[in-house]
Amino acid sequence: MSKELTYSQVNRDVMRPLFSPSMAWHALMALVTVGLAYGAFCWGIQLIWGLGVAGYHPPVFWGVYITTFVFWVGIGHAGTLISAILFLTRSRWRTGIYRAAEAMTIFAVMTAALFPAIHVGRAWQAYWLFPYPNQRQLWQNFKSPLMWDVFAVSTYFTVSTVFFFIGLVPDIAAVRDNTKGFVKKMYNVMALGWRGTDRQWRHYMAAYGFFAALATPLVLSVHSVVSWDFAMADTPGWHSTLFPPYFVAGAIFSGCSMVITLMLPLTKLFKLEAYIHTWHFEHLAKLCMFTGGILTYAYGTEYFIAWYSDNMYEWGTFTDRVFGKYWWVFAMMVACNCTIPLLWWFKKVRTSFVGLFAISIVVNIGMWFERYNIIASSLAHSFDPGAWVYYTPTYIEIGILIFSFAWFFLWFLLFVKIMPSVAIAEVKETLRPPLKHDEEAAAK
Amino acid sequence: MSSHAAPAAGTQLKAVYKHLDSLLQGIHDLHEAGVRDFTVLSPIPRHEIEEMLYKGEPSPVRWFTLFGGLLGGTMIFSLASLTHANWPMIIPGGKPLVSIPPFLVVTFEGTILWASLMTLIGLLVMCGLPFTDPPAAMEDPRFTNDCFGIVFTRVPKNAEKIVHILEHSGAFEVTGGGAHG
């Protein structure tokens with residue numbers, strides 16, 4: 001962070017983009033509205049006619065919806081990783097970017113949370129997933145990985161939201177003090193009347209540390225639990241102890257890429273270059289290179305174990321992924337996740353706007369196809385050759401996939417206009433405080 | 001530095017500082033004079049302020065966290081165990097009804113969830129949030145921007161001496177008045 005910045009300048013710079021939407025913002029919102037409308041139409045058709053309108057074909061009953069669920073849960077990893085783990089390790093480069101990354105996490109998990117409801121078809125009965133006393137005395141099976149998943153994702157969402165909100169409180173108070181009338185009252189309610197007293201800061205800092213410590217194991221656990229949705233089943237291509245670290249690495253890889261995709265244009269549009277430098281994006285790209293390397297290694301290990309195990313079902317599924325009808329999905333996955341991101345090893349590429357932005361989008365596409373590759377190709381090519389099928393999504397499923405992106409961007413666009421996208425108090429903490437001693441020394 | 005007549009006892013008093021070292025000097029001087037019943041306001045958390053006011057005493061929020069974690073873990077493990085005992089599915093392979101490894105997953109989630117929620121409650125309780133009716137002296141937008149402050153919500157009888165200490169320590173504005181709400 002630049003040493004020339006002052007506390008009041010931080011307030012001014014971060015609050016400048018609030019409340020005055022630009023043409024670009026309106027254009028994006030219009031695009032989002034179209035996506036939401038089309039997606040709502042598709043979901044409406046599915047609610048009326050049932051899951052038959054999706055491309056499900058026995059034995060493939062997990063397709064685009066579960067793929068997209070896993071994709072969004074994965075995207076939701078980077079925010080809490082950056083805000084919690086990098087807070088505990090005192091990584092200074094988190095300061096400029098963690099607020100928007102955290103917001104991205106919350107909105108990504110909110111998007112993912114739609115999919116169990118969409119996937120079950122009868123969305124109005126999705127609450128059956130949660131344990132609640134009922135007259136049938138019928139309870140969930142706590143030994144099922146699907147049950148663990150409900151607990152893992154809802155806990156992750158709740159803890160991340162609380163952590164995000166607590167981090168926002170002092171900054172909302174700063175925004176409040178720059179507004180008037182009804183808006184000021186609203187911000188005061190959201191800031192819980194925060195004033196920055198010694199007592200408030202004392203307990204706040206203690207609690208913030210605890211939230212970070214509690215959120216840290218969740219970052220690693222939530223996608224491990226999601227991976228068990230697959231790994232606990234004996235379906236070829238899924239039943240592997242490799243899955244938890246493989247999924248966590250993939251989640252961080254895709255999450256950090258999404259942070260780059262969102263933050264690069266945000267920084268330019270809101271003129272936040274004094275707070276978010278190329279240096280921040282380079283760190284994110286390095287994190288992606290590291291986790292992308294783990295992912296490539298995991299892909300290789302999967303194939304080695306399938307061959308070395310001498311299990312014909314396992315090897316059959318893995319060879320079918322490369323040479324069968326899903327070869328193009330496999331090719332997309334390898335190209336987007338293993339090959340193209342190698343360009344980031346060149347400093348020139350990982351420090352250029354185009355290099356960062358384009359490859360981050362490629363990684364996100366690749367990570368969606370990775371989940372599709374795991375889910376669809378395994379189910380379509382299971383034990384019984386008589387049951388082998390080729391599942392392809394229908395326009396309804398594609399429409400709901402578009403809906404998920406529109407839903408995610410709706411929340412993110414609203415967020416950047418209502419809340420400070422950069423953590424004001426934490427940025428100030430990284431600056432040298434105003435000292436009389438310094439002023440006197442400068443005067444001499 | 002502005003100078004003002006000392007406010008009447010029982011009213012509020014506010015000193016605004018532009019510099020952190022001046023604020024720390026003010027806190028030190030007040031402590032030296034035996035004055036402790038004041039509030040420090042700051043746009044950012046500073047360990048120096050906390051150290052001077054609380055002498056490194058840890059926040060009690062940690063007890064809320066510990067209690068929440070223990071409560072959540074116990075509750076969820078009990079829920080899973082009692083559910084399976086109430087609906088005993090005989091699973092081939094001789095697996096026990098109350099099985100530790102699968103229940104550890106939900107127990108872990110319950111522990112983290114409740115520890116976090118209790119930390120939130122602890123934070124709200126200990127900070128006195130929502131802070132619905134702050135004294136007027138604290139409602140200064142500069143304290144969330146670029147200034148530090150010392151506020152007396154009820155000025156003691158030796159107000160003149162306190163004003164002198166605050167001004168002498170480097171406060172660029174010392175204002176009084178406004179009865180305590």
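# Notebook: chains A and B

**Entry 1. Make-up of chain B.** I counted 5 helices and 4 strands in chain B. I took helices (H or I, at least four residues) and strands (E, at least two) as DSSP runs, numbered from the N terminus. This is a predicted model, in which local features need pLDDT of at least 70 and side-chain atom pairs count only at pLDDT 80 or more, while totals for chains, interfaces and linings use all residues. Residues are numbered from 1 along each chain as its sequence is written, and chains are lettered from A and ligands numbered from 1 in the order in which they are written.

I read the elements of chain B from the N terminus on as β-α-β-α-α-α-β-α-β. I then looked up burial: of the 181 residues in chain B, 43% are buried. A residue is buried if 20 or more other C-beta atoms lie within 10 Å of its own, exposed if 12 or fewer, and partly exposed in between, with C-beta atoms placed from the backbone.

**Entry 2. Domains of chain B.** I found chain B divided into domain 1 (11–58 + 133–179) and domain 2 (61–127). The bounds come from an automatic or database domain assignment. Taken over C-alpha atoms, the centres of domain 1 of chain B and domain 2 of chain B are separated by 44 Å.

**Entry 3. Strands of chain B.** I looked at strand 3 (residues 148–152) of chain B and its pairings. Two strands pair if DSSP finds at least two bridges between them. Strand 1 of chain B runs antiparallel to strand 3 of chain B, and 5 bridges join them. In this pairing I noted Tyr17(B), which stands opposite Phe148(B) in strand 3 of chain B. Strand 2 (residues 39–41) of chain B is also antiparallel to strand 3 of chain B, with 3 bridges. Here Thr39(B) has Val151(B) of strand 3 of chain B as its bridge partner.

I checked burial along these strands. In strand 1 (residues 11–17) of chain B, 6 of the 7 residues are buried, so this strand is largely enclosed by the rest of the structure. In strand 3 of chain B, 5 of the 5 residues are buried, so that strand is likewise largely enclosed by the rest of the structure. Phe148(B), Ile150(B) and Phe152(B) point one way from strand 3 of chain B, Gly149(B) and Val151(B) point the other way, and all are buried. In a regular strand the side chains alternate between the two faces of the sheet.

**Entry 4. Make-up of chain A.** I counted 17 helices and 0 strands in chain A. Its radius of gyration is 23 Å, close to the 22 Å that the globule rule gives for 444 residues, so chain A is as compact as a globular protein of that length. The radius is taken over C-alpha atoms, and the globule rule is 2.2 Å times the number of residues to the power 0.38. Along the principal axes, the C-alpha atoms of chain A fill a box of roughly 85 × 55 × 40 Å. Buried residues are 48% of the 444 residues in chain A.

**Entry 5. Cores.** I looked up the largest nonpolar core, which has 150 residues. A nonpolar core is a set of buried Ala, Val, Leu, Ile, Met, Phe, Trp, Tyr and Cys residues joined through C-beta atoms within 7 Å. Among the members that touch the most others are Val73(A), Met104(A) and Ile252(A). Apart from this core lies another, of 27 residues, including Leu24(B) and Phe38(B).

Val73(A) sits in helix 3 (residues 64–75) of chain A. It is buried, with 29 other C-beta atoms within 10 Å. Not counting residues up to four places away in sequence, Val73(A) touches Val109(A), Ala112(A), Val153(A), Val222(A), His223(A) and Val226(A). I took residues as in contact if their C-beta atoms, placed from the backbone, lie within 7 Å. The C-alpha atoms of Val73(A) and Val153(A) are separated by 7.9 Å, and the two residues are 80 residues apart along the chain.

**Entry 6. Where the chains meet.** I found 50 residues of chain A in contact with 56 residues of chain B. On the side of chain A that touches chain B, helix 8 of chain A gives the most, with 17 residues. The residues of that side divide into 29 nonpolar, 12 polar and 9 charged. Ala, Val, Leu, Ile, Met, Phe, Trp, Tyr, Cys and Pro count as nonpolar, Asp, Glu, Lys and Arg as charged, and the others, Gly among them, as polar.

Definitions and conventions
Contact = placed C-beta atoms within 7 Å.
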